[in-house]
Amino acid sequence: MAYSAKIGPSILSSDLSCLGNECVRMMECGADYLHLDVMDGHFVPNITFGHPMVECLRKSVGQDPFFDMHMMVSRPEQWVKPMAAAGANQYTFHLEATTNPGNLIKEIRESGMKVGLAIKPGTTVEELAPWANQIDMALVMTVEPGFGGQKFMEDMMPKVSWLRSQFPSLDIEVDGGVGPDSIHKCAEAGANMIVSGSAVIGSDDPRSVIALLRTVVAEAIQKRSLDR
Ligand code: DX5
Ligand code: ZN
């Protein structure tokens with residue numbers, strides 16, 4: 001099986017004045033990677049941070065943590081090189097934000113980053129499918145992008161199941177409202193990269209929440225491999 005269970009806290013819901021410390025804390029609590037939400041106030045009705053912040057974070061946390069940049073921005077082409085230079089490892093752009101995904105995928109690769117492709121709840125998985133063999137990860141949003149702390153949309157799970165059936169070794173990420181209450185649905189559908197914001201950051205015991213999420217996903221992966 002090419003893919004494994006990975007948990008990536010979204011630091012959007014952390015104390016943003018202590019972002020470096022929060023990232024280190026999450027890695028110490030067992031996070032496999034960090035999911036960094038970039039919002040431009042145009043593609044989504046909210047603003048977070050850009051590549052200067054990522055550059056500072058990289059200096060602060062060192063080379064090890066894997067930065068998955070969730071680019072909720074219009075014109076994602078614009079930030080590929082600055083994000084690569086800032087120390088991003090994966091550039092996850094929204095299919096809805098570009099007219100030329102093929103070219104963008106190529107540019108991201110040439111910049112030395114992995115490629116993630118995200119779809120909003122209103123976008124069908126069939127629209128993503130033509131690109132699936134060229135990307136490292138598909139992100140199925142389980143809330144409307146823009147804010148942390150929203151309710152998990154269970155009706156997105158058929159998209160995940162379909163992707164898993166068509167692309168057995170693809171990394172599939174879910175993002176939005178994912179925590180101990182919704183992880184079983186995500187794991188059964190076939191997601192293996194799990195973004196969790198408020199459920200992890202807001203917990204008194206993030207280490208246990210991360211471990212629980214990973215165990216549920218790992219068990220589903222093992223079951224799927226036995227069933228094959
Ligand atoms: C929403 C972001 C998510 C969000 C997840 O637009 O893409 O990454 O921070 O936070 P929770 O897990 O609280 O929904
Ligand atoms: Zn996100």
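These legends walk through a few close-up views of one predicted model.

Before you start: residues count from 1 along each chain as its sequence is written, chains are lettered from A and ligands numbered from 1 in the order in which they are written. Since the model is predicted, local features need pLDDT of at least 70, side-chain atom pairs count only at pLDDT 80 or more, and totals for chains, interfaces and linings use all residues, while side-chain values use heavy atoms, with hydrogens and water left out.

**View 1. The eight-stranded sheet.** Here's an open sheet with its strands in the order S1-S8-S7-S6-S5-S4-S3-S2, and the pairing is parallel. Strands (E, at least two residues) and helices (H or I, at least four) are DSSP runs, numbered from the N terminus, and two strands pair if DSSP finds at least two bridges between them. At the edges sit S1 (6–9) and S2 (34–39), each pairing on one side only.

**View 2. Zooming in on S1 and S8.** S1 runs parallel to S8 (residues 193–196), and four bridges join the two. Look for Lys 6, whose bridge partner in S8 is Met 193.

**View 3. The largest nonpolar core.** This core has 66 residues, and Met 69, Leu 128, Cys 186 and Ile 194 have the most contacts inside it. Helix H9 (residues 206–227) gives the most to this core, with seven residues. A nonpolar core is a set of buried Ala, Val, Leu, Ile, Met, Phe, Trp, Tyr and Cys residues joined through side-chain atoms within 4.5 Å. Buried means under 20% relative accessible area, exposed over 50%, partly exposed in between (1.4 Å probe, protein chains only).

**View 4. Around Leu 128.** Setting aside neighbours within four places in sequence, Leu 128 is in contact (heavy atoms within 4.5 Å) with Leu 95, Leu 117, Ile 119, Ile 135, Ala 138 and Leu 163.

**View 5. His 70 up close.** You'll find His 70 in strand S3 (residues 67–72). His 70 counts as buried because its relative accessibility is 0%. Beyond its neighbours within four places in sequence, its contacts include His 35, Asp 37, His 94 and Asp 175.

**View 6. Ligand 1 and its surroundings.** A polar side-chain atom of Asp 175 lies 2.7 Å from an oxygen atom of ligand 1. For Asp 37, a side-chain N or O atom is 2.9 Å from a ligand 1 oxygen. For His 70, a side-chain N or O atom is 3.2 Å from an oxygen atom of ligand 1.

Methods. A polar contact is a pair of N or O atoms within 3.5 Å; within protein, one must be able to donate a hydrogen and the other to accept it, and residues adjacent in sequence count only if both atoms are side-chain atoms.
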